[in-house]
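Here's a quick tour for anyone opening this one up for the first time. Have a look at the picture, then read on.

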Amino acid sequence: MNMIDKALGVHPQSLDLRSRRMEVLAQNIANADTPHYKARDVDFRSVLSESRTTTLRATHPKHLEVAELEGGNGVMFRNPFNVAFDGNTVELNVEQAQYGKAAADYQATLNFLENRISGMRKALKGE
Amino acid sequence: MGLDQIFGIAGSALNAQTTRMNAVASNLANASTVAGSDKEAFRGKRTVFKAVLEETVQPRDVDFKGGVKVDALTDDPSPVRRMSDPGNPLADKDGFVYLSNVNEMTEMVEMMAASRSYQNNVEVVNTARQLMLRTLEITRS
């Protein structure tokens, strides 16, 4: 199992992160008409590098388990170009563009994963 | 986690925008109603949206999904016009009837905004659905 994880590399985590980013952007679009709503976004690079750093592990039964550190999931508020009169910072065009880009990124990661998997299939079949 | 939540989020937005559209339809339908007093006159209805935040979801173990909900329906605060129409059976003792404060132009703009927002969310659902289907086919390559 560990070997398969290694073969897939960073891509499963990155796929998870990309889908989370799409979720955040979908929330922004859903709240485009909500007064005082502040648009948010995920900083992909910082979250991914955070998830790849080694965490503390209990190596002795008398060690205390270390609680998982959560840095707010890397979700941050967006810096808007303009703020609407009602305090809403969602700019629909920006969100749409970002959502499209996020979808393309997701497909790219999906392609990487597909390639890894088909490579493993080839190795298993030995053809 | 992730893509499947988008359906819930966008769905809540579709619901909210439908409510807004309903309010607009009601306003337009009542645009030319008259009443016998200032108090009874029809006032345009406005929807107020509110983001659903994690802290506000009551049972904490329920899988959180964000989105938007209709927080309130408020009356348009603009003043009600009155018109002299002594022949109207609803007229008060001075012969005035009270019109609604609905502005048709504003309502049409509101309707267009609601329908655009609705379309945006439909597009979000479509994209998420396509990506989900592609993810399911990852092992077929």
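At what angle do the axes of helix H2 (residues 11-30) of chain A and helix H1 (residues 3-29) of chain B cross? They cross at roughly 0° and come within 9 Å. Keep in mind that this is a predicted model, where local features need pLDDT of at least 70 and side-chain atom pairs count only at pLDDT 80 or more, while totals for chains, interfaces and linings use all residues; side-chain values use heavy atoms, with hydrogens and water left out. Residues are numbered from 1 along each chain as its sequence is written, and chains are lettered from A and ligands numbered from 1 in the order in which they are written.

- Since angles under 35 degrees count as roughly parallel, H2(A) is roughly parallel to H1(B).
- Those axes are lines fitted to C-alpha atoms, for helices over the stretch in contact, with angles running from 0 to 180 degrees between N-to-C directions.
- On the H2(A) side you'll find A:Ser19, A:Met22, A:Glu23, A:Ala26, A:Gln27 and A:Ala30, and they meet B:Leu3, B:Gln5, B:Ile6, B:Ile9 and B:Ala13 of H1(B).
- Contact here means heavy atoms within 4.5 Å.
- Sorted by class, the contact of H2(A) with H1(B) has seven nonpolar, three polar and one charged residues; Ala, Val, Leu, Ile, Met, Phe, Trp, Tyr, Cys and Pro count as nonpolar, Asp, Glu, Lys and Arg as charged, and the others, Gly among them, as polar.

**Chain A overall**

- Chain A has four helices and two strands, running α-α-β-α-β-α from the N terminus on.
- Helices (H or I, at least four residues) and strands (E, at least two) are DSSP runs, numbered from the N terminus.
- Of the 127 residues in chain A, 35% are buried, meaning under 20% relative accessible area with a 1.4 Å probe, protein chains only.
- Take the contacts in chain A between residues at least 6 apart in sequence: 79% of them join residues at least 24 apart.

**The sheet in chain B**

- Chain B has an open sheet of three strands in the order E1-E5-E4, with antiparallel pairing.
- Its edge strands are E1 (34-35) and E4 (82-84), each pairing on one side only.
- E4(B) pairs with strand E5 (residues 96-99) over three bridges; strands pair if DSSP finds at least two bridges between them.
- B:Arg82 has B:Tyr98 in E5(B) as its bridge partner.

Methods. Buried means under 20% relative accessible area, exposed over 50%, partly exposed in between (1.4 Å probe, protein chains only). Angles under 35 degrees count as roughly parallel, over 145 as roughly antiparallel, 65 to 115 as roughly perpendicular and the rest as oblique.
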